[in-house]
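Open the model in your viewer and keep the selection tool at hand. The tour goes from one selection to the next and says what is there.

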Amino acid sequence: MSSPETLQSARVTPQQIKSGVAAWLGWTFDGLDMHLYTLVALPFVAELLRASPSAQVTSTKASIIQGAFLFGWAVGGAVFGRIGDVLGRSRTLSLTILTYAAFTGLSFVAHEWWHLLIFRFLAALGIGGEWAVGASLLAETWPAKWRPWLAAILQSGVNSGVLIACFAGWLLLSWAPYRAFFLVGVLPALLTLWIRRAVPEPEVWASEHEHVHGRQPRLRALFGPELRRTTFIVVIVCALGLTAHWALMFWHSAHLRTMAREAGWPKERIDTLANHALYLLTIGAIVGNFFSGWIARYIGYRRAIAANFAAYFFFMMAAYGVVRDADGVLFWLPFLGAAQGAFALFTMYLPPLFPTLLRTTGAGFCYNIGRVFAAAGTVIFGLFAQVGSGEGAICDHRLALLYAGTLFLPAALVAWFWLPQSGELGVTAEPVVNPPLAVPEP
């Protein structure tokens, strides 16, 4: 097994470069495939329902589809996280990318709203799994001194994927049907051919896997005396933060589309507005990722995460606390994007909290279980924001965003006071090599 001293070396090896490129590209296509839907959600679901995009039924079905996607993300994080600890990081990374590429592309053939729900759920299995596997792959191959910047670079891969989605929107929305948008999501499948040939398994994982002779620690070890407090606290923070975050990522476009539609804007101008909004969020997020990495070097991961969530709360209240026109909302979107740097820090903060053979399982479970709550929250906050009743009911998306944004405040408080830090709770957020858990006898 590689020693901590070896892993702390400043020298960058070919293996580290290959693992970094593989994880970054995997996350880039994650961002592409996860946000293709958010750009066209209301108009495409309205098309499948043969209803108006502003109808409450359209908003409800679209949010249920997004909820199924987030739930699938959580399931995929747990399932593929476990596979990654058993089968290996590189192999599992290929499987996750194939999964989300195939089922994103199949969304093209959806002709009922529930067809789209199924395809989005299945695509999300791969996206959720790729997060845990990619994060663990880098945590096990790169020195600790690089990790705050790796967190920023890796999360910026997601943001780059969103920019590609925006470019695809600019290219396609003016002439192609909404369903054709999902064919762009097939492209990541080509990446798996290179990963399987060029990216080796990390030495840390290979050594531990050989040491236990196939006898893996079980999932219940996450709730044993060594890890359960860490597990529960991280789940709480992720659940609060991700619920509010995904409410923004889903409802912000619907909010702007509704305002523009009520103002009498033509379809092409509305589509351009939605595309521009996601572009502003994404540019802000890229800046926020690197700023958060820089802050974490001085105040640590825990406090940097808390500070980002506090900023996220403030900007959500500023953007949606009062009625604004489209330009007023657009002004705040880069600031909201910058606060998303909190999620970049989770990338390198979470995996080292868990022993090697529970690393993708633990990181995947704790981070992605938050998406179960996010899935429910996307639907529930939309229902809370219903205006009117019966067939004439509509969703006030501003209220949905405002209610969801309040969750960032408790997320910041729990992160500041209770997330583990170095030397606390018997775990550490720094070293990548942890003593292995006791493995049950066969």
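A residue counts as buried when its relative accessible area is under 20%, as exposed when it is over 50%, and as partly exposed in between. Keep in mind that this is a predicted model.

**Stop 1**

Select Asp271 and Lys267, whose side chains meet in a salt bridge of 2.9 Å, N to O. Is Asp271 buried or exposed? With a relative accessible area of 4%, Asp271 falls under the 20% cut-off and is therefore buried. Lys267, at 39%, is partly exposed. Both residues belong to helix 10 (residues 267-320), and because they are four residues apart there, about one helical turn separates them. An α-helix has 3.6 residues a turn, so residues three or four places apart point the same way.

**Stop 1: a pair across the chain**

Now select Glu201 and Arg91. Their side chains form a salt bridge too, at 3.5 Å, N to O. This one links distant parts of the chain, 110 residues apart: Glu201 sits in the loop between helix 7 (191-198) and helix 8 (203-212), and Arg91 in helix 4 (residues 89-106). Glu201 is buried at 16% relative accessibility, while Arg91 is partly exposed at 34%. Side chains of opposite charge can pair when their charged atoms come close.

**Stop 2: along helix 4**

How far apart are its end C-alpha atoms? They are 26 Å apart, which agrees with the 26 Å that 18 residues should span at 1.5 Å a residue. Colour the buried residues of this helix; among them are Arg89, Ser90, Thr92, Leu93, Tyr100 and Gly105.

**Stop 3**

Within it, zoom in on Arg359 and Glu140, which meet at 3.1 Å, N to O. Arg359 lies in helix 13 (residues 359-384) and Glu140 in the loop between helix 5 (113-139) and helix 6 (147-172), so the pair ties together parts 219 residues apart in sequence. Arg359 is buried at 0% relative accessibility, and Glu140 is buried at 3%. The structure holds eight salt bridges.

**Stop 4: a loop proline**

Select Pro355, in the loop between helix 12 (341-349) and helix 13. Pro355 is buried, with 8% relative accessibility.

**Stop 5**

Val186 is in the loop between helix 6 and helix 7 and is partly exposed, at 38% relative accessibility.

**Stop 6: the largest cavity**

How many cavities of 30 Å³ or more does a search of the whole structure find? There are four. To look at the largest, select Met34, Gln155, Val158, His245 and Trp246, which lie nearest its centre among the 21 residues of its lining. The largest cavity contains about 250 Å³ of space. Finish by colouring helix 2 (14-49), helix 6, helix 9 (228-262), helix 10 and helix 13, each of which supplies at least two residues of that lining.

Conventions:
Residues numbered from 1 in each chain as written. Predicted model: local features only at pLDDT ≥ 70, side-chain atom pairs only at ≥ 80, totals over all residues. Heavy atoms only, no water. Salt bridge = Lys/Arg side-chain N within 4 Å of Asp/Glu carboxyl O. Buried < 20%, exposed > 50% of the residue type's maximum accessible area, 1.4 Å probe, protein only. Expected span 1.5 Å × (residues − 1). 1 Å grid on protein atoms, 1.4 Å probe; cavity = no way out; pocket = protein on both sides within 12 Å on 5 of 7 lines; lining within 4 Å. Points joined across faces, edges and corners; volume = space filled by probe spheres on them.
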